[in-house]
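Here is a quick tour of one model, taken a piece at a time. Keep the viewer open while you read.

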Amino acid sequence: MNQSYLIKPVMRDFYPTAMYGQGVFIYDKRGKKYLDGSSGAVTSSIGHAVPEIIEVIYEQAKKISFVYRSQFTTEPAEKLAEKLNQLVFGEEDEYFSFFVNSGSEATETALKIAIQYWQEKGNFRKNKVISRWSSYHGITMGALSMSGHIGRRERFVSLLERLPTISSPNCYRCPFNQKYPSCQLMCANELETAIRREGADNIAAFIAEPIVGAAGGVIVPPEGYYQMVREICNDHDILFIADEVMTGIGRTGKMFAMEHWGVKPDIIALGKGMSAGYTPMAATLASGKVMKPILAGSASVMSGHTYSANPQSAAVALAVINYIEKNDLVQKSEVSGNYLMNLLKEVAVKYPIIGDIRGKGLMIGVEFVSNILTKHPFQKELSLTSKLVETARDKGLLIYPATAGIEGGGGDAVIIAPPINITKQEVDLLVNLFEKMVDEIQ
Ligand code: PLP
């Protein structure tokens, strides 16, 4: 077959046909081997064809693959919810899980739960959500409304509810032209200004990615940012939603990225690495504080999908989390992340088109610039990011395209986020292929 009838996400000339995967490698129909340097879309966090997970899929399929969530609960779904509750920052708080099928559904559900929380408390005015530019919370309309990703919004603005309100905490390109720490975290203070402008009485929640992924090329906020955000939300009685869809379940060297700053969100969205790509699975975790008025009121979250809490997917997600714990992969993500980061920095000094390398654990962003001193991005028409991704693919390395540079989108960046069980030799190979790609592009 030389013609594909699939509608592709980007209408480009050619996608290879993937045939099978093993560990960190994927093989296409022509026998070409690719190192999965981005875990797909930062998803396959334990690599491909892990026997323990395949076994669980088979065993669960023999028992039951589907029940409807308003007719039955299942053991895998209950156990997964219990496990997530144990994992979220110790045991002092209780978090309830609402299972969905994608990160977009998880953030969309988070928005709905936040609004419903205030309604159940008798407050119908608190229904707006503050979000940031250079952010991505998903492709469905509610989630896209909150997303500060120009490229993904622009065609659908007529259907989007609102614009993001504040800047992202981007120290490489500070929106306030300041330097940390003398800036005194103006980026966090901007939240307070926005709340005062809109009126705290109208705002249900603030949503943010702990570390920005696709819409920023991995933006790690400065120390103290989230502590201040949490304080501002508390002071103004606003819920804090952490979108951990990309960062969650071990990716950044902690089980949840918010642990880096010791900050507890009221609601957490999870997806991607939660089932490591073996089945579609995502979740919205709501704290006991948020669920209390809901449970005492209507007693159900006003959302849901046919495949919510699918037992097959729940069994897989539980097995993935157990596998991560058993193999100490959260810690390995930190150790391998530091090793990879150091090697990439050695490459960067040789190539002035690399402007910045940043990240935590195995979530690393590389931003490309046309001038390293002025940090000027490449012109948009050059579309360097797709050239980088394609050149890397030709060399047998998969990396993930991101938007960076200018607030709201513009510059070129890629995300490097291999499976967190990658070995040292595989990291060496990844960096070797990455350098070959940069060398060809420069
Ligand atoms: N939130 C974040 C932070 C993401 O990175 C993504 C996807 O890239 C989403 C939400 C949406 O997830 P999905 O593509 O599974 O709908």
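Predicted model: local features only at pLDDT ≥ 70, side-chain atom pairs only at ≥ 80, totals over all residues.

## Helix α2

Helices (H or I, at least four residues) and strands (E, at least two) are DSSP runs, numbered from the N terminus.

Which residues of α2 are buried? They are Ile53, Val56 and Gln60. They cover an arc of only 55 degrees around the axis, so they sit on the same side of α2; the arc is taken over the directions from the helix axis to the C-beta atoms. Among what covers them are α3 (75–87) and α10 (311–326), where contact means C-beta atoms, placed from the backbone, within 7 Å. As for length, the 13 residues of α2 (residues 51–63) should span 18 Å at 1.5 Å a residue, and the end C-alpha atoms are 19 Å apart, which agrees. The expected span is 1.5 Å times one less than the number of residues.

Residue numbers start from 1 along each chain as its sequence is written.

The protein chain has a mean pLDDT of 94, and 95% of its residues reach 70 or more; pLDDT is the predictor's confidence in each residue, from 0 to 100. For the complex, the predictor gives an ipTM of 0.99 and a pTM of 0.96.

## The four-stranded sheet

Now for the sheet: four strands make an open, antiparallel one, in the order β10-β11-β13-β12. Strands pair if DSSP finds at least two bridges between them. β10 (354–360) and β12 (400–404) are at the edges with a single partner strand each, so one side of each has no neighbour in the sheet. From one strand to the next, the twist averages 25 degrees.

Inside the sheet, β11 (residues 363–368) and β13 (residues 411–416) pair in the antiparallel sense over five bridges. Look for Ile364, whose bridge partner in β13 is Ile416. Lying across β10 and β11 is helix α11 (residues 329–348), at about 175 degrees to β10. Axes are lines fitted to C-alpha atoms, for helices over the stretch in contact, and angles run from 0 to 180 degrees between N-to-C directions.

## Helix α13

α13 (residues 424–441) has 18 residues and reaches 26 Å from its first C-alpha to its last, close to the 26 Å expected. Its buried residues are Glu426, Val427, Leu430, Val431, Phe434, Met437 and Val438. They cover an arc of only 140 degrees around the axis, which puts them on the same side of α13. Their cover includes β3 (33–35), α11, β10 and α12 (384–394).

Ala114 is in helix α4 (residues 103–120). It counts as buried because it has 26 C-beta neighbours inside 10 Å. Beyond residues up to four places away in sequence, Ala114 touches Val129, Ala204, Ala205, Leu239, Ile241 and Ile267.

Ile353 is in the loop between α11 and β10. With 19 other C-beta atoms within 10 Å, Ile353 is partly exposed. Leaving aside neighbours within four places in sequence, Ile353 is in contact with Phe368, Val369 and Gln442.

Definitions and conventions: Contact = placed C-beta atoms within 7 Å. Buried ≥ 20, exposed ≤ 12 C-beta atoms within 10 Å, placed from the backbone.
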